[in-house]
Amino acid sequence: MQTLRRLNLDWWKSLLFGSRARSGLLFSSLLYALLIAIGFVYLYPLLFMFVTSLKSPSDLLNPMVQWVPTALYTGNYERAYRVLNYPNTLMASILVSVVPSLLQTFVAAVVGYGLARYRFWGRNLVLLFILATFIVPPQNTLIPQMLAYKEQGLLGSPWAIVLPALLGQGYRSAIFILIFYQSFLSLPKVLEEAARLDGASDLRIFLTIAVPSALPAFIVSFIFSVVWYWNETFLTSIFLEGGVTTLPMQLSRFVQAYESLYPPGTVNIFDRLNEAVKMSGTFLNIAPLLVMYFLLQRWFVESVERTGITGE
Amino acid sequence: MKNDRNLITPRLREALHGYAFIALWVVGFSLFTLFPLLETFRYSLHRVTVTVEGIRLDFVQWANYTRALFTDPNFIELVIGYAVETLVSVPIVLIFSMIIALFLNQDFKLKGLFRTIFFLPVVITSGPVIRELTAQGATSAPGIANLPAVAEFIAQLPRTLRNPVEYLLTSFILILWFSGVQILIYLSSLQKVDKSIYEAAAIDGASAWEAYWKITLPSLSTANLVNAVYTVVTLSHFSENKVIQYIYNQTYAVQGGIGYASAMAFLYFAVMVILLGGVYLFLAQQANKERN
């Protein structure tokens with residue numbers, strides 16, 4: 001009887017507080033409660049954006065309607081779609097983020113390989129300068145770049161974004177170079193030596209041995225690069241002004257664009273610009289990234305864990 | 001042919017190949033970073049006027065710098081605000097992302113779902129999106145900042161404390177949204193810690209609490225440094241940053257001009273480097289203490 005009660009107690013104890021083998025009920029419910037709370041705080045702006053974007057003008061004015069709109073209203077999206085000039089700006093955004101990202105990833109791989117696999121004078125200096133390019137604020141190099149582009153007639157053309165990426169100076173390129181540096185450092189030297197004995201050239205070793213081994217680094221660099229280029233608006237808006245218009249650029253001049261399409265004096269009060277339309281525009285802006293994220297999110301997280309981004 | 005082989009030693013050969021791999025970067029660095037940086041510094045010492053033929057430079061020594069530091073009432077205030085906000089945000093981002101990473105390092109159901117949620121901000125955080133959300137009040141801690149009791153509490157605080165606390169409340173979600181990459185970095189460090197160390201500690205009778213302070217935290221010291229630097233740089237480069245916007249507006253202002261904006265850019269850069277250095281030294285010292 002005594003032992004039975006003892007056993008029973010132990011069972012309860014391990015259920016609540018956990019044992020070596022599994023965590024207890026108390027612990028896991030606390031964990032879930034915290035995760036759900038933090039998750040809600042994280043998603044709150046997104047939920048707010050999405051719900052607001054579906055509200056009709058009368059729902060917006062109705063204080064009773066907070067989280068559930070009375071009817072599914074898509075008028076905001078129709079207008080935001082037209083104001084953003086969606087098909088054109090979407091294509092421009094894709095062009096201005098995917099092309100530089102491809103170039104930037106490849107160049108970062110080449111540079112990272114050179115730094116990781118060869119000993120030469122000035123290597124540490126170059127590493128130091130690469131870190132410096134990450135720290136220097138964009139406005140410290142912006143004006144001469146802009147003036148030079150203007151002189152060459154490149155201002156407003158996609159080349160203004162592509163050229164720096166091609167020469168390893170793309171947006172946040174330092175991070176990508178360091179990712180590749182890390183990942184090539186861990187490549188065993190034996191493979192390289194074996195290939196060299198077989199008469200392979202350095203370029204060939206890089207392309208056939210190093211590149212396939214660094215596949216996670218390529219994926220992670222490309223994805224992050226696309227995301228950061230897409231979201232970067234400070235440099236893009238200055239270099240592309242008057243030429244290509246990307247989605248975030250059009251979003252930042254949403255009010256003017258709306259008023260030129262729907263002049264405030266001529267439309268009825270329900271077609272005036274309101275926060276629901278703005279939120280629809282914002283949502284349309286991030287929708288392509290959300291789609292990409294949900295398609296690729298396994299890669300997104302797992303390859304970061306595998307590339308060892310930390311750099312010991 | 002034979003002579004050539006003797007001239008080029010294996011070491012020189014290796015160095016030349018290395019240079020070939022990084023040549024592209026060196027060219028790019030000179031063209032797109034080093035030269036513009038020096039040129040901006042030259043502008044900062046001149047009064048720059050844009051004319052039809054090009055730009056005209058009038059040497060004014062350090063006048064642009066003294067103007068930003070001693071005459072301009074806005075610049076210093078904005079920079080102080082930026083420094084305070086950064087120093088408030090960095091510990092919050094670090095602690096928060098560490099907690100999330102520790103959670104996500106556990107095994108539990110729906111882990112994938114939560115992971116997806118916590119990395120979402122990495123994907124969507126951009127200047128215009130944040131601006132729209134902030135304008136709608138969607139980035140403040142839900143409801144807290146509007147409570148009368150909280151408003152009363154803030155009003156009671158001394159002036160020096162009021163701004164950081166207010167910033168904290170109104171931009172709480174925003175600060176958390178800057179934690180995505182940091183969570184990833186902590187997570188990848190956590191996964192490198194050898195599991196057997198925890199088992200050995202548990203056999204020796206260490207509780208989970210002790211294991212955290214004695215094993216987990218010291219092994220995260222490098223990640224701490226990387227994350228702190230990353231956070232400071234991201235916050236300082238963010239396009240909605242008030243100092244950056246002020247500098248940008250001054251570039252085109254009649255009163256300001258390119259020379260003045262360049263001087264402010266360098267002063268801002270200096271403050272940023274000081275902040276980075278301070279945070280770095282502090283964390284490096286902590287890491288050393290833990291090791292001893």
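Trainee: Which residues of α10(A) meet α11(A)?
Mentor: In this predicted model, A:Leu191, A:Glu192, A:Ala195 and A:Arg196 of α10(A) meet A:Asp202, A:Ile205 and A:Ile209 of α11(A). Contact here means heavy atoms within 4.5 Å, and helices are DSSP runs of H or I with at least four residues, strands being runs of E with at least two, numbered from the N terminus.

Trainee: And by class, how many are nonpolar, polar or charged?
Mentor: The contact of α10(A) with α11(A) has four nonpolar, no polar and three charged residues. Ala, Val, Leu, Ile, Met, Phe, Trp, Tyr, Cys and Pro count as nonpolar, Asp, Glu, Lys and Arg as charged, and the others, Gly among them, as polar.

Trainee: At roughly what angle do the axes of α10 and α11 of chain A cross?
Mentor: The axes of α10 (residues 189-197) and α11 (residues 202-213) of chain A cross at roughly 130 degrees and come within 10 Å. Axes are lines fitted to C-alpha atoms, for helices over the stretch in contact, with angles from 0 to 180 degrees between N-to-C directions. The two helices, α10(A) and α11(A), are therefore oblique to each other; angles under 35 degrees count as roughly parallel, over 145 as roughly antiparallel, 65 to 115 as roughly perpendicular and the rest as oblique.

Trainee: Changing topic, where is A:Asn85?
Mentor: A:Asn85 lies in the loop between α4 (75-83) and α5 (86-117) of chain A. Its phi is near 55 degrees, a positive value in a residue other than glycine. A:Asn85 is partly exposed, at a relative accessible area of 37%; buried means under 20%, exposed over 50% and partly exposed in between (1.4 Å probe, protein chains only).

Trainee: What about phi of B:Gln61?
Mentor: Phi of B:Gln61 is also positive, near 55 degrees, in a residue other than glycine. B:Gln61 sits in the loop between β2 (55-59) and α3 (63-71) of chain B.

Trainee: How many residues does the contact take from chain B and from chain A?
Mentor: The contact takes 86 residues from chain B and 88 residues from chain A. The area buried between them is about 8,100 Å², of which carbon and sulfur atoms give 75%. Buried area is the accessible area (1.4 Å probe) that two parts lose on being put together, summed over both. B:Phe21, B:Trp25 and B:Phe32 supply 11% of what chain B buries against chain A, more than any other three residues.

Trainee: How many helices and strands are in chain A?
Mentor: Chain A has 16 helices and zero strands, and 51% of its 312 residues count as buried.

How values were computed: Residues numbered from 1 in each chain as written. Chains lettered and ligands numbered in written order. Predicted model: local features only at pLDDT ≥ 70, side-chain atom pairs only at ≥ 80, totals over all residues. Heavy atoms only, no water.
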